[in-house]
Amino acid sequence: MTRPNSKIAQEVAMRRTFGIISHPDAGKTTLTEKLLLFGGAIQTAGAVKAKKAQRHATSDWMAIEQERGISVTTSVMKFNYRDYEVNLLDTPGHQDFSEDTYRVLTAVDSALMVIDSARGVETQTEKLMAVCRMRNTPIITFINKLDREGMFPLDILSDIEDKLQIECIPMSWPIGMGKRFKGVYNLYKKEISLFNPGEDNKPKEVVTIKDLNDPVLDEILGSQADELREDIELLEGAASPFEMRHYLSGSQTPVFFGSAINNFGVRELLDAFVEMAPAPSPRATSTRMVSPEEESFSGFAFKIQANMDPAHRDRIAFVRICSGKFTRGMKVMHHRLGKEITISNATIFMAQDRSHVDEAWPGDIIGVHNHGTVKIGDTFSAKEPLKFTGIPNFAPEIFRRVILKNPLKLKQLQKGLTQLAEEGAVQFFRPVNAPDYILGAVGSLQFEVTMHRLKAEYSVDAIYENANFGVARWIHCEDPKKFAEFEKKHSHNLARDAEGHLTFLTTTEWQLGFVEEQWPDVVFLKTREAD
Ligand code: GDP
């Protein structure tokens with residue numbers, strides 16, 4: 001890495017802030033653990049796993065509480081690797097999959113995509129990839145579980161290309177799979193890394209092959225040598241060359257093969273990741289682009305974590321630093337409130353051995369304690385009023401109707417839901433011609449947390465009923481006459497969200513498509529920027 005001159009440019013150049021996108025069970029936790037082991041952030045295998053097991057033990061209230069306590073510390077995993085400071089932002093999956101999972105991706109500079117070699121591209125990966133597409137986030141792909149029988153490598157690549165519309169550029173190529181898995185051939189270094197199963201951290205044997213016709217290949221691979229030769233010949237004829245600019249613009253993904261549980265292919269992946277993945281880059285605000293190397297501090301809140309203990313109603317807002325240097329005790333402008341605030345009690349997420357650090361740089365995440373004054377998307381900056389864009393609300397996918405047990409608590413319900421919506425815990429909608437409260441989320445745990453917090457923090461006793469909706473879209477139309485017609489025709493499908501924006505609610509994507517076709521002048525949006 002060539003060293004830039006200014007201190008801030010140096011700090012920016014060494015930072016890598018990323019998230020992992022994958023479907024549950026593809027191996028995200030296992031891979032995270034191996035990455036942290038390489039980075040020295042944990043000492044023993046099993047540490048991340050244990051937390052995960054604890055997290056999913058039960059879904060009763062205590063478990064949510066535990067999960068929330070734990071996830072503050074695992075939300076940002078910081079480690080050093082070679083010359084780099086790596087921030088791995090957790091993208092919650094399984095039962096705790098939520099809008100936070102999507103929003104975390106608005107705060108990263110790149111992503112690692114983990115695919116199970118037997119299952120190919122799965123639904124949650126598709127959803128997370130769609131979020132990455134919004135900012136053309138660069139993606140490196142890891143095909144996991146080669147120690148098991150899976151799909152043919154070429155079939156996995158075409159599955160990714162078809163479903164995710166991104167060109168795959170293999171950087172390594174597997175030699176066999178399952179019982180016949182021998183290792184991977186690095187197409188660029190022209191080396192073979194031989195596989196020997198086991199979770200230890202010992203370096204594996206690496207054989208450099210100058211020429212694929214080398215008889216050494218037959219000695220070590222036997223009959224599989226010819227298979228490899230054929231595969232490589234096929235690849236060289238078919239695959240485009242890797243181009244950095246295409247990776248950085250999100251149109252190509254370099255692909256690695258390995259087995260996370262056997263720690264095979266992980267170091268190679270991490271080496272490529274720190275070398276290729278982008279450092280923090282300029283970000284858009286409503287007025288101008290902000291470069292990370294600007295001296296003046298700026299950042300935005302992308303996640304809010306409430307303390308579930310009713311005695312401590314504080315919240316932590318996770319703020320991604322976009323420019324300048326952050327120092328403890330710093331005064332910053334809270335743009336939406338137009339007020340100056342002192343960030344004295346910020347949590348700076350740091351590697352374990354550097355807990356006394358009092359400063360943070362672009363790409364780092366700080367946790368700002370507050371009592372409900374921070375909303376998702378809020379911007380903090382030193383002097384100039386700025387508002388970062390690209391931290392939207394995502395259309396919910398599951399819905400519930402709230403039924404109050406005591407109708408006199410309507411005011412508290414409204415207040416509670418408004419605050420919870422500002423924190424991004426849940427979204428709510430008021431149908432235009434019914435006095436209902438419809439909650440929307442992308443993960444069902446969001447409903448459990450909402451119900452508990454309504455009771456604990458707002459003394460609201462309520463239950464859920466199924467709501468017959470499966471799709472929501474924010475709508476607008478340039479032609480007021482057409483829009484009025486549309487509103488009249490579909491009033492039973494219209495609702496206003498927490499900020500008063502008109503939303504179209506319907507049962508299925510198919511139904512939505514039908515309505516979209518009938519009303520070409522109406523725009524149906526899957527995301528909406530916060531006001
Ligand atoms: P996550 O849900 O994506 O976080 O997935 P986990 O890391 O928890 O892994 C899901 C399951 O796959 C666990 O039982 C892992 O032990 C297993 N697993 C992870 N990586 C590998 C691998 O390389 N090979 C095999 N055979 N199993 C793996």
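Me: What does helix 7 lie across, and at what angle does it run to strand 6?
Reply: Helix 7 lies across strand 4, strand 5, strand 6 and strand 11, running at about 150° to strand 6. Contact here means C-beta atoms, placed from the backbone, within 7 Å. Angles run from 0 to 180 degrees between N-to-C directions, with axes fitted to C-alpha atoms, for helices over the stretch in contact. By the way, this is a predicted model, where local features need pLDDT of at least 70, side-chain atom pairs count only at pLDDT 80 or more, and totals for chains, interfaces and linings use all residues. Numbering starts from 1 along each chain as its sequence is written.

Me: What makes strand 2 and strand 6 edge strands?
Reply: The open sheet has 7 strands in the order 2-3-1-4-5-11-6, with mixed pairing. Strand 2 and strand 6 (167-170) each pair on one side only. Neighbouring strands of this sheet are turned by 30° against each other on average, direction ignored.

Me: How do you know that strand 2 and strand 3 pair?
Reply: Pairing takes at least two DSSP bridges between strands. Strand 2 and strand 3 (residues 84-89) are joined by 6 and run antiparallel, so they pair by that rule. F79 stands opposite V86 in strand 3.

Me: Why is K145 called buried?
Reply: Buried means 20 or more other C-beta atoms within 10 Å of a residue's own, exposed means 12 or fewer, and partly exposed is in between. K145 has 26 C-beta neighbours inside 10 Å, so it counts as buried. K145 sits in the loop between strand 5 and helix 7 (153-164), and has a positive phi of about 70° although it is not a glycine.

Me: Which residues of helix 11 are buried, and what covers them?
Reply: V266, E268, L269, L270 and F273 are buried in helix 11 (residues 266-276). Their cover includes helix 2, strand 2 (76-81) and strand 4 (110-116).

Methods: Helix = DSSP H or I, 4+ residues; strand = E, 2+ residues; numbered from the N terminus. Contact = placed C-beta atoms within 7 Å.
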